[in-house]
Amino acid sequence: MAAVAASAAALSLVLSACAAGSTPGDKPSLRTHEDVTVYTWWASGVEKQGLDKLAEVFEQQHPGITFVNDGVMGGGGSSTSKEYLQTRLETQDPPDTFAAHAGAELDDYIEGGFIQDLTPLYKKLGLKEVFPKSLMDQLKTQDGKIYSVPSNIHRANLLWANPAVLEKHGLDTSGQYEDLDSFIADLETLKQAGVEYPLSVANEWPQVHLLETVLLGELGAEAYDGLWDGTTDWNGPEVTAALEDYKQLLSFSNPTRNEMEWDAASTMVVEGKSAFNIMGDWALPVYAAEGRQYGKDYVVVPSPGTNGVFDFLADSFTMSTGILDEDAARAWLETVSSKEGQLEFNRIKGSIPARTDVDPGQFNEYQKTAFESFNNDPIVSSVAHGAAVPVSQLTKITAAAVAFEKDGDVAKLQAALAASAG
Ligand code: GAL
């Protein structure tokens with residue numbers, strides 16, 4: 001757990017970051033036995049709209065219990081929002097339930113005794129039968145227990161493009177790239193033609209996100225998986241080549257990247273300031289807003305070199321230990337897992353339901369491609385979003401990416417990534 005222990009400085013950063021989204025210090029006084037306090041980092045913009053919808057379904061399904069939004073700002077569960085949560089857990093002031101990612105991210109919380117075994121709830125609600133096997137494999141620990149309830153399935157390996165910018169410069173408007181080399185060639189063309197920052201990039205975790213899609217695009221699904229289970233050598237030449245590509249991609253991006261949140265980088269593409277951004281499908285509401293059309297005003301396709309692979313993550317809700325009212329927390333988890341909850345939430349969030357019995361016909365054109373890929377393609381785990389590695393390892397990977405953004409030293413990045421697994 002040491003790697004995510006909060007420092008006072010980090011905590012004060014989070015508290016100031018909270019100002020716009022919530023006032024965590026006030027929350028305990030709101031508690032009654034009829035409340036459920038729910039922690040997420042979906043505190044603003046399109047993400048908050050999804051959470052609000054889920055809360056609405058909850059209050060319809062459980063009218064006796066009040067939903068209390070106990071979250072903070074921090075897209076992607078940024079290190080500050082994770083540190084804030086960690087402090088709450090360590091000071092015995094847990095939210096009743098918090099959003100994390102299905103997969104290795106939960107390991108540290110389980111090991112620390114901060115979250116409860118939900119296997120009995122799975123039995124009671126019959127959930128083992130409604131989630132796909134590939135997801136159940138992610139959710140189960142080695143001893144067969146389950147500690148979270150997934151609200152969705154997001155795809156991480158997506159390239160978003162503005163076709164008008166591509167057309168203007170005589171490029172293929174489909175955004176499809178078989179490999180990173182052809183993508184880099186088009187970035188070069190755009191730059192030469194005066195598009196200053198053809199690829200938009202945002203701060204910290206979005207850089208890890210970009211890096212993961214480049215590793216996947218260069219290595220392929222099997223070798224990418226091997227990075228997280230130890231069967232692919234971090235020091236090999238394919239990894240070096242991927243990191244060189246990653247360095248080039250950063251060189252085509254906006255120098256403001258460290259001050260920019262992920263959604264502002266998406267907006268750069270919407271506004272035609274950049275041609276491309278690589279981001280998960282939670283970006284969909286940014287592109288699809290105000291009547292803009294899929295395939296016409298924006299395109300979204302697998303990121304370069306990753307066609308036919310689904311880079312997976314799932315926002316998954318836990319139940320904390322030491323809470324006042326476990327029944328209220330279970331009621332929230334029931335809504336999260338319900339057909340209606342999954343339908344309403346995911347229609348807004350850009351993801352697809354984790355349940356297999358929700359009608360794909362109720363979702364938009366992009367989401368239909370996600371259903372199709374998730375059901376047919378090999379699935380790999382996202383590192384930036386907690387599916388592939390525990391929080392402690394991701395913290396090291398993020399630190400390596402942050403340092404690389406400044407020094408551009410490929411050998412040093414490769415060594416730091418290799419060491420992160422140890
Ligand atoms: C991911 C999360 C998504 C979305 C995104 C940006 O980690 O799974 O639901 O919140 O971060 O904040």
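1. A quick definition to start: Ala, Val, Leu, Ile, Met, Phe, Trp, Tyr, Cys and Pro count as nonpolar, Asp, Glu, Lys and Arg as charged, and the others, Gly among them, as polar. With that in hand, the shell around the ligand holds six nonpolar, five polar and three charged residues.

2. Keep in mind that this is a predicted model, where local features need pLDDT of at least 70 and side-chain atom pairs count only at pLDDT 80 or more, while totals for chains, interfaces and linings use all residues. Residues are numbered from 1 along each chain as its sequence is written, and side-chain values use heavy atoms, with hydrogens and water left out.

3. Which residues come nearest to the ligand? Of the 14 around it, they are Glu-47, Gly-76, Asp-315, Lys-349 and His-385 (near means that a heavy atom of the residue lies within 4 Å).

4. Now the polar contacts (pairs of N or O atoms within 3.5 Å). The side chain of Glu-47 has an N or O atom 2.6 Å from an oxygen atom of the ligand. For Gly-76, a polar backbone atom is 2.6 Å from a ligand oxygen. With His-385 we are back to a side chain, with an N or O atom 2.7 Å from an oxygen atom of the ligand. As for cover, the ligand taken alone exposes 300 Å², and the protein buries 100% of that (areas by the Shrake-Rupley method with a 1.4 Å probe).

5. The ligand's space is the largest cavity. Here a cavity is a set of points, on a 1 Å grid over the protein atoms alone, where a 1.4 Å probe fits but cannot get out.

6. On to the sheets. Strands are DSSP runs (E, at least two residues), numbered from the N terminus, and two of them pair if DSSP finds at least two bridges between them.

7. Strand 5 pairs with strand 10 (residues 310–313) in the antiparallel sense over two bridges, and His-154 stands opposite Leu-313.

Technical notes
Polar contact = N/O pair within 3.5 Å; in protein donor to acceptor, adjacent residues only side chain to side chain. 1 Å grid on protein atoms, 1.4 Å probe; cavity = no way out; pocket = protein on both sides within 12 Å on 5 of 7 lines; lining within 4 Å. Sits in = over half its atoms within 2 Å of the grid points. Helix = DSSP H or I, 4+ residues; strand = E, 2+ residues; numbered from the N terminus.
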